[in-house]
Amino acid sequence: MDKMKWSSIFAELVLLLVKSVYYIGESIYYMFVPLPEKSLADDIVLITGTGHGIGKCLAMQFADVSAKVVCVDINEKSNAETVKEINSKWKGKAFAYTCDVSTLEKVRELGERVKSEVGTVTILVNNAGIMPCKPLEAHDEATIRKIFDINVFAHLWMLDTFLPGMKALNKGHLVFLSSMAGIIGLKNLVPYCASKFAVRGLAEAIMDECRGDGFTNLNFTSIFPYMVDTGLCKKPIIRFPSLLPLVTPESTAREIISAVRRNLFEHSIPSPLLAINNIFRCYPYKMAMDFKDFMGGGVDAHDD
């Protein structure tokens with residue numbers, strides 16, 4: 001019996017090694033040959049924070065690739081303007097909903113309305129977020145709680161509401177807007193960094209849970225943008241602006257949609273940043289910190 005057990009374990013190890021070599025080769029291959037992009041023509045895409053910035057650009061560009069777009073924002077006026085702009089180009093493609101996504105009850109009410117009025121959401125983009133930039137001691141309790149209510153708990157409430165519909169269809173795509181500040185800790189962004197690190201962990205955990213439960217047709221994409229010129233970051237620190245300039249909301253949205261269409265699990269904007277971070281995590285911590293200091297980057301403290 002013990003001999004059979006060890007034989008089984010050895011066979012599993014050999015299979016694991018073969019798969020690992022295959023996955024490495026596959027990854028190298030797709031560095032040179034782009035993954036094909038799937039069609040989104042039959043999808044209903046719900047995006048939070050569509051009143052401005054990345055969210056608005058995502059709504060416009062998802063509509064451009066023939067998806068129906070459910071626009072959700074706490075600001076009714078700016079959200080209505082986004083939907084009006086979309087429907088002036090693609091009639092009947094966009095639907096406006098006003099919702100405070102940090103409140104579970106309101107998100108559940110939103111879910112019931114969207115399902116009855118538009119249909120089952122098949123792509124969920126958790127984009128809404130806030131980014132106060134100041135030292136930790138300058139944050140009050142209310143601000144820190146608000147950061148986590150919007151940047152973290154809203155993700156959980158949206159999953160609680162819209163993931164069951166995707167599971168019923170065994171089809172869907174969950175998109176999590178984290179940040180490079182969810183990969184690297186930065187001065188003047190302590191609560192924000194904590195919230196974005198949490199989003200990364202949330203995305204990995206829900207992916208593993210769904211995979212373990214057999215929902216193999218659900219896809220997950222975590223996005224890690226560098227500083228995006230949306231107005232949230234009023235005093236960016238950039239040592240080499242020609243190398244790492246502020247990223248525009250339009251280009252960020254294009255990259256996100258491309259990552260979704262290629263079913264990428266993680267994607268940084270610009271794309272090399274995640275790989276560079278992964279490489280330096282293998283080296284001594286002090287070396288990584290010295291490289292970070294050399295490159296510069298971050299934010300100065302400022303009032304909201």
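Is N127 buried or exposed? I began my notebook with this residue.

**Entry 1: the model.** I worked on a predicted model, in which local features need pLDDT of at least 70 and side-chain atom pairs count only at pLDDT 80 or more, while totals for chains, interfaces and linings use all residues. I numbered residues from 1 along each chain as its sequence is written, and side-chain values use heavy atoms, with hydrogens and water left out.

**Entry 2: N127.** I found that N127 is buried, with a relative accessible area of 13%. Buried means under 20% relative accessible area, exposed over 50%, and partly exposed in between, with a 1.4 Å probe and protein chains only. I located N127 in the loop between β4 (123-126) and α5 (141-169). Helices (H or I, at least four residues) and strands (E, at least two) are DSSP runs, numbered from the N terminus. I then listed the contacts of N127, leaving aside neighbours within four places in sequence: I47, T48, G49, I54, G55 and L177. Contact means heavy atoms within 4.5 Å. For G49, I noted that its backbone oxygen lies 3.3 Å from a polar atom of the N127 side chain.

**Entry 3: F215.** I looked next at F215, in the loop between α6 (190-212) and β6. F215 counts as partly exposed, at 22% relative accessibility. Not counting residues up to four places away in sequence, F215 touches K167, N170 and C210. I also recorded 9.3 Å between the C-alpha atoms of F215 and M166, which are 49 residues apart along the chain.

**Entry 4: helix α8.** Which residues of α8 (272-280) are buried? I found L273, L274 and N277. They lie on the same side of α8, because they cover an arc of only 100° around the axis. The arc is that of the directions from the helix axis to the C-beta atoms. I saw these buried residues pack against β6 (218-225) and β8 (266-269).

**Entry 5: the second largest pocket.** I noted about 1,100 Å³ of space in the second largest pocket. Of the 22 residues that line this pocket, S27, Y30, L35, L264 and F265 are the closest to its centre. A pocket is an open set of points on a 1 Å grid where a 1.4 Å probe fits, with protein on both sides within 12 Å along at least five of seven lines; lining residues have an atom within 4 Å of a point. I recorded that α1 (2-32), β8 and α8 each supply at least two lining residues, and that α1 gives the most, with five.

Key: Grid points are joined across faces, edges and corners, and a volume is the space filled by probe spheres set on the points. A polar contact is a pair of N or O atoms within 3.5 Å; within protein, one must be able to donate a hydrogen and the other to accept it, and residues adjacent in sequence count only if both atoms are side-chain atoms.
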